Amino acid sequence: MTALTRRHFTAGLAAGSLGLAVPARAGTPRRGGTLTMVIQPEPPTLVSLTHTAGPTTRVSPKVTEGLLAFDLDFRPRPLLATAWEVSGDGLRYRFALRRGVRWHDGRSFTSADVAHSIRLLKEHHPRGRGTLAGVVDVLTPDPHTAEIVLSRPAPYLLAALTASETPIVPKHRYDGDVLGSPNGKAPIGTGPFVFKEWVQGSHILYERNPDYWDPGKPYLDRIVVRFIADANARAVALETGEVLYAPDTPVPLAQLDALKANPSLRIETRGYDYQPIVYRLEFNLANPYFKQLAVRRAVAHAVDRSAINRLVFYGYSQDAPSAISPALKAFHDPDAPKYPFDPKRAEALLDEAGFPRGPDGLRFRVHHDYMPYSEAYQQLGNYTRQALAKVGIGVTLRAQDVPTWFKRTYTDRAFDFMSNGMSHSFDPTVGVQRLYWSKNFRPGVPFTNGSGYSNPEVDRLLEAAAVETDPDRRRALFFAVQGQVGRDLPDVNLVTGANLTILNRRVANHPTTIDGPSDTFADVWLEA
């Protein structure tokens, strides 16, 4: 086993635009106080073991930690692992685990918990099936050592070991039904905050862990996570100081200038490089209209990304026309197939496909299910309806709550096409493969291959890239993926959003990690 140097680590990541490290706010930490934050919508579970919904990944790390954290330069920092080594062939990852750590119920944290967590993540995590596909065993030679054994290299593995992506959960809470474990609603972890209550529709309460392994931390007494469905109410809560912290662009972008003028608030754009979001239209390839490539290409030509950037995202987004986000500069192919805005071409394709306009001017009607996470998705749905109406496709929007949306789209598959936002993560194998890999077509599991797309060549390319350690060859494989997906068009990738956090100036020492809102918040404090 050889120590993993920073040079080897960053070369293995082969990541692109990761952002520059900016020192956290200077000053002496102040103890005490309650950080009130708002997330929307309410998470379906409080542990990101089986679910990767954005709200879940924000709250889970406050209680449930990972092996590593990463600073704003994407350098690894110890968390539950204090040291790590990688074998020369890339097939063994050995971790020295932190000693003296206890779960919130008093039991000792050991390597058995790490091994059980990795196995559960491989089976149940929406991205884990791809990320951990090469894991054949997790050895536990002693209570403070865990060794992940792979059948093939996984050049992205270390970067996946954050609290939000790869949470380490207590084995004794997941001995039976994983999906039905009470730990998802009342989590026990090793983190700086202890779960106290979840009043659904209202809030989650976390209190300071007095026995946290890092003496003196956390600085906060408690965190109250509120759910405020109305965007205007969220803005008012921020302006009045009722809420001190709000991630994930919590208000309509049209209101941002007014909030910027408030001297008690600041806008933070750092802390989002770990999970760049791409907004997209995803087709159900079993639909009688969208199973036809010409119809999908017509839709691609009918939407105008510049209009979406301007009307939906107020200039805070950028074009993202290929299967890999331009934020992942090491992997994004700027020459992947494109479908420029061309309504006349869209109409011609629909005519050729055998769908002429009827007496009412429409060719056919379909339902569109937009992701019910924020006003931006509703606005994107409205724009899509208007754009497709101009080429003769009648679109009925369906507004619904989050559980209904999940059931309709991923479980029942009773949708025609939908709009959603997907994280491409720090590496395409983790964030992108799940969307196009036929083996990840898993009805009932959110944020997987929702279109039902299957192409053996794309499967081969994705699987080869997942184990390729040469950066140039790996880049070429992902370029080929983008080319083939662009020709098949199971979805239309639109724009990548510039996420931001609005926070009160009293909130100090944030962000310090590349996944800022998904940090543990052990180091955050409130100024007087």
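**Figure 1. Crossing of helix 8 and helix 10 in the predicted model.** Helix 8 crosses helix 10 in a right-handed manner; a crossing is right-handed if the near helix is turned clockwise from the far one by less than a right angle, and left-handed if anticlockwise. Helices are DSSP runs (H or I) of at least four residues and strands are runs (E) of at least two, numbered from the N terminus. Helix 8 (residues 305–312) and helix 10 (residues 375–389) have axes 10 Å apart and pack at an angle of about 140°. Axes are lines fitted to C-alpha atoms, for helices over the stretch in contact, and angles run from 0 to 180 degrees between N-to-C directions. Helix 8 is therefore oblique to helix 10, since angles under 35 degrees count as roughly parallel, over 145 as roughly antiparallel, 65 to 115 as roughly perpendicular and the rest as oblique.

The model is predicted: local features need pLDDT of at least 70, side-chain atom pairs count only at pLDDT 80 or more, and totals for chains, interfaces and linings use all residues. Residues are numbered from 1 along each chain as its sequence is written, and side-chain values use heavy atoms, with hydrogens and water left out.

Figure 2. Glutamine 40 is joined to proline 41 by a cis peptide bond with omega near 0°. Proline 41 belongs to the loop between strand 2 (34–38) and helix 2 (54–59). The bond between lysine 217 and proline 218 is also cis, with omega about 0°. Proline 218 sits in the loop between strand 10 (203–208) and strand 11 (222–226).

Figure 3. Most residues other than glycine have a negative phi. Threonine 249, in the loop between strand 12 (245–246) and helix 6 (256–260), has a positive phi near 45°. This threonine 249 is buried, with a relative accessible area of 18%; buried means under 20% relative accessible area, exposed over 50% and partly exposed in between (1.4 Å probe, protein chains only). Arginine 413, in the loop between helix 11 (402–411) and strand 18 (417–423), has a positive phi of about 55°. Arginine 413 counts as buried at 19% relative accessibility.

**Figure 4. Setting of the close-up views in the whole protein.** The protein has 15 helices and 22 strands. Along its principal axes the C-alpha trace spans about 75 × 55 × 40 Å. Of the 528 residues, 60% count as buried.
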